[in-house]
Amino acid sequence: MSTSHDEQKPTRSAGPGQPGAVEEQVGPSPDGEPFFHPYHHPAAGWGAAKSVSKFLLRERALVEGPRAIMKMNHENGGFDCPGCAWPDDTKGLRLDLCENGVKHVTWEMTRKRIGREFFAAHSVAELAEWSDFALEDQGRLTEPMVYDAESDHYVPISWRDAFDLVGRALRGLDSPHQASFYTSGRLGNEATFLYQLLARELGTNNLPDCSNMCHEASGRALTASLGTGKGTVDLQDWDATDALFIMGVNAASNAPRMLTALADAYKRGAQIVHVNPLIEAASRRTIIPHDFVDMAACHSTRTGTLNLQVRVGGDMALLRGISKAVLDQARADPKALDQEFIDRYTSGFEDYRKACETTSWEEIERQSGVSRADILRAARIYRDADRSIVSWCLGVSQHEHGVDTIREIVNVLLLRGNLGREGAGPSPVRGHSNVQGNRTCGIDHRPAGQFLDRLAVVCEIDPPREHGLDTVGTIQAMLRGDVKVFVGMGGNFALAAPDTRATYEALRTCELTVQVSTKLNRSHLVHGRQALILPCLGRTEKDHQRCGVQATSVEDSMSMVHLSVGMKKPASSHLLSEPAVIAGIARAALPDSTTPWAWYVEDYDRIRDTMAQVLDGFEDFNRRVRLPLGFRIRQPARELVFRTATGLAEFSSAPLPDVVPAPGTLALGTMRSHDQWNTTIYSDNDRYRGIRNLRTLVFMNAADMRERGIAEFDPVDIESTAKDGSTRVLNGYLAIPYDLPRGCAAGYMPEMNVLIALCDYSEQSDQPLMKHIRATIRPATAAPAAS
C-alpha cells in the first residue's frame, strides 16, 4: 500500500497561516525554496478567494476583473468563460464562475502590451531563453509581426502583406496536403466553420486539433458503442442522478464548477465514487465560494463517498470488475440487470457476459490495483442506484487502450439501462471551452461523408474525401518534409504536443509557420524559415464589424450551444477577429473562390445561416442560439436511437490489457498543476497538492522511493522507454512522496512531454500516451534542474 496523506510528515517550514497551509504565491519565484506539505483543506473556499484576490491585484484588475466576472457565463450580453467547457448554470446563478476561470479571463484582460518596440529590443534567440511564464506575462500582442532571419527579430508587417505572404505560400505548394491547419479549443463556432471551409476549399483534411491529444478516444468509443461521439447527459441529469462515478478527473483544477454539482449531489443523498490514482482535493470536501453562508461559517460539504485508487491504466479492469459483480448478483436477483432494456436496445450482450465470466477476480485485482472488496463496494453502489452517470476525463482517454476503456464504461451503463432517461448516461468532461464545438463544426481530420456531401452542396466546393493528418501525423509529416506550411489557430502547439524535441525540429523544417494568438508563447519562437504572428481579439473583447458588434457561439461539454459577446475595448486597434483573420488568409490563398468571405465577416449571422444548412442539429441556428441559455444539440442516443451498424447500442467484449509495469519500471502520467491552464502557467505552485516554488518534480509512492534509495526532495533522473526502444531522459527532478499506488508516478506537463515519443500513441485513438509513460526513476547523476 502507498503511504496515505495522513501518514506523511511535513517537509520544510509550513510558513504562516494554518498549519500545513500552502500560501499562494503570485508568479514563479526562482529564488523561492521548494516546499511540500500535504493539503488537507476543502477545495475552493477561502483558498480560492485569496488566490483570486492576489491574482487580480497582480494584474492591476481590481476594477475591471470583478466587472468582467459579473458578465461571465450569463445569457444577457455576457461572454463565455474562455477556460473550461463545463456547462453554464441553469438556475440563474449570478456567480457561475471559478478560480481558474477568473484567472484565465484576467490573464487575457491584462493591461500589459507587446508592440514593435518589444520585438526590436529582444531577439528570438534571447526570448528562447525566457521561461514560458515570462513570455506570456509580457502582455497582449498588438500588431502583426513577421520574422526577419537576418536580424533574428520579429518586425512589423501590415495585415495586407501578412495575408499576401500566407497566400503565396499556400498557392505555391505542390499539393494542398503540404499544409496543415491546427486549432486549439478556444476558437468560436463561426470561426471554426470558416477555418475548416478554408482548408477543404484549398483541398485538404489536414485539420489537427487539441482533441487529438485529449478526447479522441472518447469520440471513437462512443461512436462505436452508441453511434454518437458525445455524452448524452446534461446538468439536469447531474441534478437527478442517484450515483456519480467520476473517473480520471481532477475537478478542482480542470472543471472547478463541477464542485457545485458534486456538493449538491451529496446534499441530496447521491453516492459519489471517485476513481483516480491520486486522491485529489475535489474528491473529499469543498466550500462553494458563492455559497456565502458556508463561506462565512467555513462550513464544507463532502464531494465524494468512495475513493478508489486504480493503478495507472487500470480503469478498464475496475469497470470489468463492477460488471462481473453485477452479473454475479443477477443470478440470484434478476433485477440487478435491466434485461428488458438489454434485449430491446442492445447487441452483443452474451459475448460480453462470457468475457466477464472468464475474467478472473485475480486478474481484475492485479490489473486494476484495487481489492476485490473495494470493487464490490463500488458495484453495490452502482447496483443499488436507480440512475447512474459515469463521467471521465483525460485520466481515462490518454492511454493505449482508452477506446476499449470508454466502451467498457458504456458496457457498465447498458447493464442497468442507464441510458435515455433522466439522471443516467455517459458524461465526458471536455477540458477547453469550445473543443467540442470545434469538432461539431467541422474540425475533423476524418470527416463523415454525410457532412462533406452537405458542405459540397451548400458551399459549392469539392471537399477532399481522403482522411487528413491529426496532431501526431502532422508532426511526422513536417519531419519528413511533407508538410511545409503550418497554421496554428490559437493554442501553443510547440508545448502542447508530445515529444518536445521532435516537435521543435518539425516546426523548424517548415517553410512557413503562422500563429494566430493573443499572447506571446513558445510556438512563436520555434518557427519555420518564415514566420508570422497574427494577433487576434480575445473572447472578452468587443468584436466590431461592418454590421455592428458581433457575437460568437460556443458549445459546452454537454452539447449546449449559446452566444458569447465581448464587453471590453480591444487591446489594440490593430487586432482582427478570428473570422476576419481566416477570411483574410482565404481570400489571399484562394483568389478565384466564390465563397463570400468578406460578406461573412460583416455579419456572423450570415455564417450561422450557412452552418444551419450544413450541420446536423443546427437548424434555425440564429433564432435558437438567442434563446435563454441557447439550445442543446440533439443526441439520437439520448432518445435511444443508435446510428450503429446494427441500429442498437453495442456491447464491447475486448480483453483486459496488461497494464502492470515491468519489474523496475513505473507507469508515469502527466497532469496539470492547479495554478496552470493547459500550457499557460500562472505560478510554480500547486495548492491542492501542497506544492510551492516547484514544477520540475515527480510524485512517487513512498515505498517505491525507499526501494530505489530515494528520499524526499532528492534529485532523480527519469528515463522513458518508447515503443521503438528509444529512450528520453529528464535529469535532476525532485522526488516528492505522494499517496499513489505502487508502481505509479506523476508529474507536470508540458515539462514532461519530452518523455513521450512520437511513436508512443494509441493504436486505437492515435492519441499520445500522456497518461501512461513507461519510466525508470533513479537517483540523479547530474545537477538538479531549475524549477
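Which residues of S16 are buried on one side, and which on the other?

1. Basis. This is a predicted model, in which local features need pLDDT of at least 70, side-chain atom pairs count only at pLDDT 80 or more, and totals for chains, interfaces and linings use all residues. Residues are numbered from 1 along each chain as its sequence is written, and side-chain values use heavy atoms, with hydrogens and water left out.

2. Strand S16. Val485, Val487 and Met489 are buried on one side of S16, and Phe486 and Gly488 on the other, so that both faces are covered. Buried means under 20% relative accessible area, exposed over 50%, and partly exposed in between (1.4 Å probe, protein chains only). Because five of the five residues of S16 (residues 485–489) are buried, the strand is largely enclosed by the rest of the structure. Helices (H or I, at least four residues) and strands (E, at least two) are DSSP runs, numbered from the N terminus.

3. Neighbours of S16. Strand S7 (residues 179–183) pairs with S16 in the parallel sense over five bridges; two strands pair if DSSP finds at least two bridges between them. Here Tyr182 stands opposite Gly488. S16 also pairs with strand S17 (residues 512–517), in the parallel sense and over five bridges, and Val487 stands opposite Val514 in S17.

4. Gln398. This residue lies in the loop between helix H19 (394–397) and helix H20 (402–415). Gln398 is buried, with a relative accessible area of 3%. Its side chain reaches the backbone oxygen of Met213 at 2.6 Å. Leaving aside residues up to four places away in sequence, Gln398 touches Met213, Cys214, Gln767, Pro768, Leu769, Met770, Lys771 and His772, where contact means heavy atoms within 4.5 Å.

5. Largest pocket. The largest pocket holds about 1,100 Å³ of space. Of the 32 residues lining the largest pocket, Thr223, Gly229, Arg439, Asp444 and Ala448 are the closest to its centre. A pocket is an open set of points on a 1 Å grid over the protein atoms alone, where a 1.4 Å probe fits, with protein on both sides within 12 Å along at least five of seven lines; lining residues have an atom within 4 Å of a point. Grid points are joined across faces, edges and corners, and the volume is the space filled by probe spheres set on the points. Helices H9 (216–226), H21 (435–440) and H22 (449–459) each supply at least two lining residues.

6. Helix H12. Met258, Leu259, Ala261, Leu262, Ala263 and Ala265 are buried in helix H12 (residues 258–267). After H12 comes Gly269, with a positive phi near 100°.

Technical notes
A polar contact is a pair of N or O atoms within 3.5 Å; within protein, one must be able to donate a hydrogen and the other to accept it, and residues adjacent in sequence count only if both atoms are side-chain atoms.
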